[in-house]
Amino acid sequence: MTDSNGHSSIVADFWNKRGETYGRSWRSVAKRRLSNWELDLVKQAFNNKKKAIKTLDIGIGTGRVSDEIIRHQVTHYATDISRTMIDYCRNKYKNNKRVKLLKVHDILKPLPKNWDKFDLVTAYRVLSYYPQLTTILKNIRCSMNDGGILIFTYPNIDSMVAVPKLINNKGWLGNEIHYNDLVKIVRDAGFSECRIVGCSRLLDTFYDWSDNRLAADVLFASEKILKLIFGPTRFVRLFYVICKK
Ligand SMILES: C[S@@+](CC[C@H](N)C(=O)[O-])C[C@H]1O[C@@H](n2cnc3c(N)ncnc32)[C@H](O)[C@@H]1O
């Protein structure tokens, strides 16, 4: 399981080792609040949807996003490059009738043609490993119904997370992007009505440490002040992109 530069196999190894412990990293009070904010974007995609829709969660991990999706009327597919994550989720959802297929798949490759076409696709905290964003978005678009919604995240180069990379060209295992470049890539991949939002500017470690209500309140109040000063997306760590086929 490799792409042209062998990158995705390294990512797969990392997540195979990490396995279900990833879910535990979302347990602190502040992380749970951040997660709720992220999942609200998914909830909004179900507004005014009366019939069951086809959904796909790319990079399911331990099912944080899929848990929200399958609360609604859906036929749900999910993929992950990590066999460990897929095995974990197969066990977790084995009695859930809304979950149709969980499959090991590398999103650098097109989605299988014999799968359903999707009305909602999510890819939270997955695509940042890969610089091939245009190709990935085009591949995803081919598997979507007209009017379908894609929600994905990608890191902002103008944020604290990107500082080490800006200084010595060595950062974490990821890619970052400028707001305007992101808008262009989304459009070039054929999506419209692109809306980009952000939430947190402060480091993840603060969210991990803020494990009581007071600490989380202080953290979110600080984020609110930063938002008032800098506006909705400037210096946020992650861009959340919501766009339409
Ligand atoms: C940070 S976790 C995010 C999990 C989940 N989306 C969430 O937000 O809670 C990243 C997940 O993406 C998966 N992943 C990484 N590269 C992938 C690829 N090329 N194709 C599919 N899944 C991938 C990893 O195995 C891991 O489970």
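This is a predicted model: local features need pLDDT of at least 70, side-chain atom pairs count only at pLDDT 80 or more; totals for chains, interfaces and linings use all residues.
Residues are numbered from 1 along each chain as its sequence is written.

Let me start with the ligand, which is surrounded by 21 residues, the closest being Trp15, Gly59, Gly61, Arg64 and Ser82; a residue is near a molecule if its C-beta atom, placed from the backbone, lies within 6 Å of it. Two or more residues of this shell come from each of α1 (7–18), α4 (64–69) and β2 (74–80), where helices (H or I, at least four residues) and strands (E, at least two) are DSSP runs numbered from the N terminus. The largest share, three residues, is given by α1.

Turning to helix α6, residues 133–142, we find Leu133, Ile136, Leu137 and Ile140 buried, meaning that 20 or more other C-beta atoms lie within 10 Å of their own, while 12 or fewer would count as exposed and anything in between as partly exposed, with C-beta atoms placed from the backbone. Seen down the axis of α6, these buried residues fall within an arc of 95°, taken from the directions from the helix axis to the C-beta atoms, so they line one face of the helix. They pack against β4 (118–123), β5 (144–155) and α8 (179–188), a contact being two C-beta atoms, placed from the backbone, within 7 Å.

Finally, strand β5 holds Gly147, and Gly147 is exposed because 8 other C-beta atoms lie within 10 Å.
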